[in-house]
Amino acid sequence: MERIVLPELLDVLPPQDQSALRSRRDLRRLNAWMRHPRIMARLLQTYLADADARHIVELGAGDGHFLFSVAKRLRGQWSGAKASLVDQLNALDPQLAGAFKHLGWEVRAEVAEASAWLRQTSPMATDAVISNLFFHQFETEALAEMLRLTARSARVVIALEPRRTWLPRICGRLLWVIGCGPVTCHDGHISVRAGFAGRELSALWPDQQNWELVERPVGLFSHLFVARRKE
Ligand SMILES: C[S@@+](CC[C@H](N)C(=O)[O-])C[C@H]1O[C@@H](n2cnc3c(N)ncnc32)[C@H](O)[C@@H]1O
């Protein structure tokens, strides 16, 4: 299946628009179904096991609920963690600030285009750059540049994306059955067509020698990419 990138509605709707708010609620449910928070929490525990002070950047963080679900799973182990939530829209759920604090996390919302934001940070400014359902929104050239910028910024990069195969494609057309709204149904179908297969992200990684790369299917619907800088 050829990779096709088309614009998604959630990227252009004002964050407070009712249909955008509904779609972000749908995403929380879909993330839970796909087990993305659980998968990301395990990966962070594995890849940042020895980090003293944990600082994470999440690109395309949306309303922040994805990272909050991850943080809840790391409860008691990651107190003192710091996170920068980067999104081009000011979509962060204001109620989450206190909730993160309660878990001992310090979070900062950065309303900015992700590449532009990464470009103005210092090299190795963070331990990990993570993203969930984000990289698929970029055409090859912009994606290669985004990956180059993440490699410059962190020693671990983790992405969870839609997998571009037949099962996610069929299910992506049936999101209305599980109660998703029109924006999610539109974007879900588009996201799978723009998703990844094989080693497409590894092929765009800027430095194949000094990084260990993992890229594989995860769960029924998802595609995992991890890059770790070699010691
Ligand atoms: C599919 S949503 C995923 C949100 C969140 N990661 C989640 O799992 O709920 C993609 C997010 O990426 C943001 N986004 C899209 N293009 C962006 C860019 N170039 N820079 C920063 N954020 C971007 C959108 O505003 C949106 O919140």
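**Salt bridges, cores and enclosed space in the predicted model**

The side chains of Arg-119 and Glu-145 meet in a salt bridge, with a distance of 3.2 Å from N to O. The structure described here is a predicted model, and it holds 8 salt bridges. Another of them joins the side chains of Glu-145 and Arg-148 at 2.9 Å, N to O; Glu-145 and Arg-148 both lie in helix H6, 3 residues apart, which is about one turn of the helix. Arg-119 is partly exposed, with a relative accessible area of 45%, Glu-145 is partly exposed at 24%, and Arg-148 is likewise partly exposed at 39%. A further salt bridge is formed by Arg-228 with Glu-212, their closest N and O atoms being 3.7 Å apart. Here too the pair links distant parts of the chain, with Arg-228 in strand S7 and Glu-212 in strand S6 (residues 211-218), 16 residues apart. Arg-228 is partly exposed, with a relative accessible area of 28%, and Glu-212 counts as partly exposed at 40% relative accessibility. Through salt bridges that share partners, Arg-119, Glu-145 and Arg-148 are joined into one network.

Arg-24, which lies in helix H1 (residues 18-33), is buried yet has no salt bridge. When neighbours within four places in sequence are left aside, Arg-24 is in contact with Leu-10, Gly-62, Asp-63, Leu-89 and Ala-91.

In soluble globular proteins, nonpolar side chains tend to be buried together. In this model the largest nonpolar core has 32 residues, of which Leu-44, Trp-105 and Ile-158 touch the most other members. At least two residues of this core are supplied by each of helix H2 (36-47), helix H3 (65-73), strand S2 (82-87), helix H4 (96-102), strand S4 (128-132), strand S5 (156-162) and strand S7 (222-229), and the largest share, 6 residues, comes from H2. Apart from its neighbours within four places in sequence, Leu-44 is in contact with Ala-49, Ile-56, Val-70, Leu-74, Trp-78, Ala-128, Ile-130 and Ile-158. A second, separate core of 26 residues includes Val-86, Ala-112, Phe-135 and Leu-213.

The largest pocket contains about 930 Å³ of space and is lined by 45 residues, of which Leu-27, Leu-30, Leu-133, His-136 and Ser-191 lie nearest its centre. H1, H3, S2, helix H7 (166-172) and helix H8 (182-193) each supply at least two residues of this lining, and H1 gives the most, with 7 residues.

The structure also holds 1 cavity of 30 Å³ or more, and about 60 Å³ of space lies in the largest cavity. S2 and strand S3 (106-111) each supply at least two residues of the cavity lining, and the largest share, 3 residues, comes from S3.

Note on methods. Residues are numbered from 1 along each chain as its sequence is written. This is a predicted model: local features need pLDDT of at least 70, side-chain atom pairs count only at pLDDT 80 or more; totals for chains, interfaces and linings use all residues. Side-chain values use heavy atoms; hydrogens and water are left out. Helices (H or I, at least four residues) and strands (E, at least two) are DSSP runs, numbered from the N terminus. Buried means under 20% relative accessible area, exposed over 50%, partly exposed in between (1.4 Å probe, protein chains only). Lys and Arg count as positive and Asp and Glu as negative; His and the chain ends are not counted. A salt bridge is a side-chain nitrogen of Lys or Arg within 4 Å of a carboxyl oxygen of Asp or Glu. Contact means heavy atoms within 4.5 Å. A nonpolar core is a set of buried Ala, Val, Leu, Ile, Met, Phe, Trp, Tyr and Cys residues joined through side-chain atoms within 4.5 Å. On a 1 Å grid over the protein atoms alone, a cavity is a set of points where a 1.4 Å probe fits but cannot get out, and a pocket is an open set with protein on both sides within 12 Å along at least five of seven lines; lining residues have an atom within 4 Å of a point. Grid points are joined across faces, edges and corners, and a volume is the space filled by probe spheres set on the points.
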